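The sequence and the structure are shown first.

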Amino acid sequence: MAALDQTQVKEGVDQETVDAVREVGTYKYGWETEIEMEYAPKGVNPDIVKLISSKNDEPEWMTEWRLAAFERWTKMEEPNWAMVSYPKIDFQDQYYYARPKSMEEKPKSLDEVDPKLLATYEKLGIPLKEQMILAGVEGSEDAPAEGRKVAVDAVFDSVSVGTTFQAELKKAGVIFCSISEAIREHPELVKKYLGTVVPVSDNFYATLNSAVFSDGSFVYVPPGVRCPMELSTYFRINAENTGQFERTLIIADKGSYVSYLEGCTAPQRDTAQLHAAVVEIILEEDAEVKYSTVQNWFPGDENGKGGIYNFVTKRADCRGDRSKVMWTQVETGSAVTWKYPSCILRGEDSQGEFYSIAITNNMQQADTGTKMVHLGKNTKSRIVSKGISAGRAQNTYRGLVSMHPKAKDSRNYTQCDSLLIGDKCGAHTVPYIEVRNNSSRVEHEATTSKVDDDQLFYCRQRGMDEEEAVALVVNGFCKDVLQALPMEFAMEAQQLVAISLEGSVG
Amino acid sequence: MALPQAKQTATDERLATLNMPDAGCTRKAREAALARVCEMGLPGRRDEYWKYTQPDTLVSADAPFAALFHNDEPPMFDEFDRLKIVFIDGVFSPEDSDELAMDGVSIDRLEDICCKDIHWAKELYGVLEANGQNPVQRPLAALNTAFASDGVAIHVTGKPAKPISLIYRHASETSDAILHHVVRVESGAEVTILENGPAASRFNKCMEIDIADGGTLHHIRAQGRDHQRRAATHMFTRMGTESVYKSFTLTVNGVLTRNEQVVELTGDDAVAHVAGACVGDGEFHHDDTVFVTHDAVNCESRQVFKKVLRNGATGVFQGKILVKEGAQKTDGYQISQSLLLDEDSQFLAKPELEIYADDVACSHGSTSGAIDETALFYLRSRGVSVREATNMLTLAFLAEAVQEVEDEALAEVIVTRLQDWLARRR
């Protein structure tokens, strides 16, 4: 963090903000677990795809699905439109499957899991013992006496190590397991929904993921059920030269509700590693899903050596009327981020929300944002994005708001703010706005003076100046969201809230 | 790198229809521009920079048919005392033009810059266009530099008493005009340039403007009404220290218009304002593409674009503010707004910021929506008819862009015309 220490901070930028960014820049999860691993041979080809499929004991239709995806992938080109640059990735020079030897025999319960793995998660603050309460929640004043329960699916390199609270969730009818287990145990659901939100040939990385995904999480919440606890998946990359390709499928049936959290870390290494995930969320009528991410992959060192290339496709399909999805992301890690959690607002009166804080430092590059595709009548979306750039980092917001001719009376509000700390970094905004009917209103603002006027007026009436009022309104909003994160990273996220809007540019 | 086949074919077909004029001293610049066209290829539907505007009819081998438009209105700016330079279907018409002489400015035809040995023009021709090809390619401008058949070189050395008025008349239904102007505003000089008229069935116009330290250029343009013409125009402006550039464009109809403004602030304390108002009705596609580069300290740039659209008209705005490393104290502002008067019209926008300096204030905004029902109700409750009320609100909406015109008399003319047109509808 020497670079930031020497940076001349311009007048008007809050010192607290600088300190918070500096704090975030020190990577705490760079250690490695020494554990015996078994790998598939390097590279990707139909045999590797078949091997991954067989390791997961998949039925034939799944293997075929993967092979078809691989076939497509070989004909696709890597996208180059994002404002990121990195050396060409040699897709044949890495492992596509790595699992701890001790996972060869699938443990029947968490008690049988290799203690080394359990220790790894414990060190990360994710205890996999159900009787333990998650760090960061303990002692929280708002928490009920028995503590808040969070079910965790822990993914270590290519395999799911274990999933907690499965029995309790089952009582409520909720299915929460690894995707490999779901393919075996609930093929009808997987078959019905997999690839329907992010089609196999959606984009280069999604197609690669479809061919070689090794594990990930599966959630099904039946009609009318409010999931009794938060669900979360914790992704850890440990093995060297290994790509992680996870697949998450969340189905919220009619009138259901679920809040899902995702965290990720990786050891500190000199060579870059690839992470290409796909997340699909399906929402039926009146369903509501909250999806929160704290992305903290290893960002590379000060000179840009190493780090994770995070090329992720995340999309929610609000199929049912009045369904609602909310994406929240705190992006602090990864050498290169390429990520656009999106909402297809198909059902009438459906809503999509996207809240993002992206912090880049040193040589990090982030190109992130969202797509709000309004197809149904009276749909609403809101985008709040804050990008903070320090060191020699580049931070880009890229988004699409599309109002289709049939999406009458729809509404979008977008606000993007960026903050630069130091004169060697960059902050960019690339919004696409497509309005194809006249009863919809679209507003894109990148000024700090146009937050909700009523709220602003209220604050100002009570003696705050405009800047304070804006900071309060936006930060207050983030705070709401961030406080809902019950994991250890809630602490980390809290620090980010200290970042003020002062000195921000559009 | 080889071009995609479709692009190669389209480029070859278009180039086959063109002949490079026997251009003497500009030959080198023209050949370099042609090489650029061959390397880039002409715009195609799949190009990101043409995402919202289909360039097919702008690059096709022959100009599409465009009926002549007759109306009883006096031509725009008719009531103003100005120095008229008239082009008919892209060819200079000495009979219709005033004598090209006025204190404080010298004006020559492009074809004369070699024999008269006009150094500055020879040195400027094609240079700003070539600079403007990076980071985004503008092949139609390079095509223009290579094949422009006419144009003027305007050298402003003082403060001419009258505006210079470029008038483009349309006489043939299949005319395909390529005009290229070069303008140099010397230190401390100030000029107003007016442009109006449909020009041709298809019009490709390029203007390269070099404003020296402390120079000022006002540019006001009115692009026809109810006309089937197609136009792709480029203005490349390079600005020195404390120079001022203010440009305003009014567009009323026309089947397809793409106006590109490429402004580079290279001297400290320069001020650039680029604005546009457009009223589109029916078969109408209007695209404002603006790229402002801040490469000096303490400069100000402002982009204000307003579009009123109805009966299936399409408005496009692609604006960008690029603040280079070291361009501290930049004040960049960009607003694009559309008013959609009915269900079928659409507004497509891409307002971009790219910032590499930390002590800057850049903001942008973009909105789209229907007419404000509350305001409409208010006016109606006071006895104003729906139609009249709609016109009033529309005019008020456009006014913010028209206000960018500094000369009050000219602004007044524009507002009066807008009022007329709104009242008449199509």
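In this predicted model, H444(A) has S366(B), a residue of β20(B), as its bridge partner. The strands concerned are β24 of chain A, residues 441–445, and β20(B); they run antiparallel and are joined by 4 bridges.

This pairing belongs to a contact that draws 29 residues from chain A and 32 residues from chain B. On the side of chain B that touches chain A, at least two residues come from each of β19 (346–355) and β20 (361–369). The most is given by β19(B), which supplies 10 residues. The make-up of this side of chain B is as follows.

| Class of residue, chain B side | Number |
|---|---|
| Nonpolar | 14 residues |
| Polar | 9 residues |

As to confidence, the model has an ipTM of 0.89 and a pTM of 0.87. For chain B the average pLDDT is 93, and 99% of the residues score at least 70.

A further point concerns D62(B), which lies in the loop between α3 (56–59) and β1 (83–88) of chain B. Between D62(B) and S385(B), the separation is 323 residues in sequence and 46 Å in space, taken from C-alpha to C-alpha.

Definitions and conventions
Residues numbered from 1 in each chain as written. Chains lettered and ligands numbered in written order. Predicted model: local features only at pLDDT ≥ 70, side-chain atom pairs only at ≥ 80, totals over all residues. Contact = placed C-beta atoms within 7 Å. Nonpolar A, V, L, I, M, F, W, Y, C, P; charged D, E, K, R; others polar. Pairing = 2+ DSSP bridges. pLDDT = per-residue confidence, 0-100.
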